[in-house]
Amino acid sequence: MRIVLTRREALDWPDGVNIFIVSLAQALADLDHEVTIVVGSLQSHEEYRRLLGPRLDLPIVALSPTPLTGLASAAAWLRAKRIIDRLRPDLVVHSEAVPLPLRGTIVQVVHDLEPRSGRLAPLWRSIRRFSTKRCDYVVATTTELRDELVRDLGMSRHQLAVIPKCIELQAYRGGDLAARERAILHSGTSPYKDPAATIRAFGVLDDPSVGLYVAGDITRQTQAAVDALPDRIRGRVILLGSVDGQTVRMLHGRVRVAAFPTRYAVPVASATVMEAIASGTPIVGSSRLSRDVLENDVNGLVTDTSPGAMAIALRSILNDDALWLRLSAGARRMAQRFDGFRVARQYIELASGGARRSYRHGDRESGSGLIGFRRENPHSLRRLSSNA
């Protein structure tokens, strides 16, 4: 099967969407499918390889060496339509709204509904709604996103599949309890990742036997939070900067706990959370993480992100061996949900049959203007959702 994976933004950045795209592409390639990645930009193949650490040399078509916005982006994606059509794909998986009529089965994957900044943000929201309603399948990566899309798009729940993001499970080797360092890992320094919350909680924890690793660009806010710590523990914080993917995977398997005081408008499935899960590392996270990746007292602890509350949760996992062993075992069981091969097969099932958007055959079934799925196979997406 010929498969194209797309994203409007740059590929050379280790965010959750890119981790998903590379992991899914590699699993599909291993399953003997012909895969091509088409992205808005790629400034550096070296940075892409360093930050994402792909195992395979994947075919990548970048529309520009630098990020595109506005009319330049629209023109580039018109070129992309010709490129993608020449590939004659059987399946196209968009990881962001791309408003193009393309060959093959079209799947729109919704990773988040965070507002986009800038004067074109309303336009892109309109494009997302237009494109999502007119593809063959809509996939939400968490149950919370599915429920929000029901409200945002006016669709019924059975018209939305829930298929999680994926990672390459074989790339993660978490150590047993004896091999773990008394340390915390916070991965990501974007504002919504809230590294300062973890650093403040580390200050309240106030335990010189514990270390804290912070992966991601060293921002002014992150450095200020470290500078505010007491002298006795400030030196226990290591700001790693923009580290390579292999190092991040190694750290997930070496620390005793991973902290995610993440702030999302709608709970999502962060790939860095899945990396911790795949490493058997218990999580301390906010309620804004999806329940699909953090179940309280199963693979981690859900907590308020105030410094005191986070410090209590971190201390419990750091000091209670029985709790750590139970949460680590729960994480390893949960990791199977995010296996790249399992997720890849769910996308292949979409392309291999099941419901298709009726508008592609000129048969509008909804008087409200919402295009429905063909009624002859009404259970296909329910089955996928239950398997996710």
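Which residues of helix α7 are buried? I'll come to that after a word on the whole chain.

This is a predicted model. The protein has 14 helices and 13 strands. Of its 388 residues, 56% are buried. Its accessible surface is about 15900 Å², and carbon and sulfur atoms account for 51% of that. On contacts: taking those with a separation of 6 or more, 70% are between residues 24 or more positions apart.

Now to α7, which runs over residues 220–227. Its buried residues are T222, A225 and V226. These cover an arc of only 100 degrees around the axis, so they sit on the same side of α7.

What do the buried residues of α7 pack against? There are two helices in the list, α6 at 195–205 and α8 at 231–234. The strands are β9 at 211–215 and β10 at 237–241. On the face of α7 turned away from the buried side, we have R220 and Q221, which are exposed.

Last item, S306. Where is S306 found? It is in the loop between β13, residues 300–302, and α11, residues 307–319. Is S306 buried, exposed or partly exposed, and why? S306 counts as partly exposed because its relative accessible area is 30%, and that class lies between the cut-offs of 20% for buried and 50% for exposed. S306 and R200 are 106 residues apart along the chain, and their C-alpha atoms are separated by 8.5 Å.

Notes. Residues numbered from 1 in each chain as written. Predicted model: local features only at pLDDT ≥ 70, side-chain atom pairs only at ≥ 80, totals over all residues. Heavy atoms only, no water. Buried < 20%, exposed > 50% of the residue type's maximum accessible area, 1.4 Å probe, protein only. Helix = DSSP H or I, 4+ residues; strand = E, 2+ residues; numbered from the N terminus. Arc of directions from axis to C-beta. Contact = heavy atoms within 4.5 Å. Areas by Shrake-Rupley, 256 points an atom, 1.4 Å probe, with all protein chains shown as cover.
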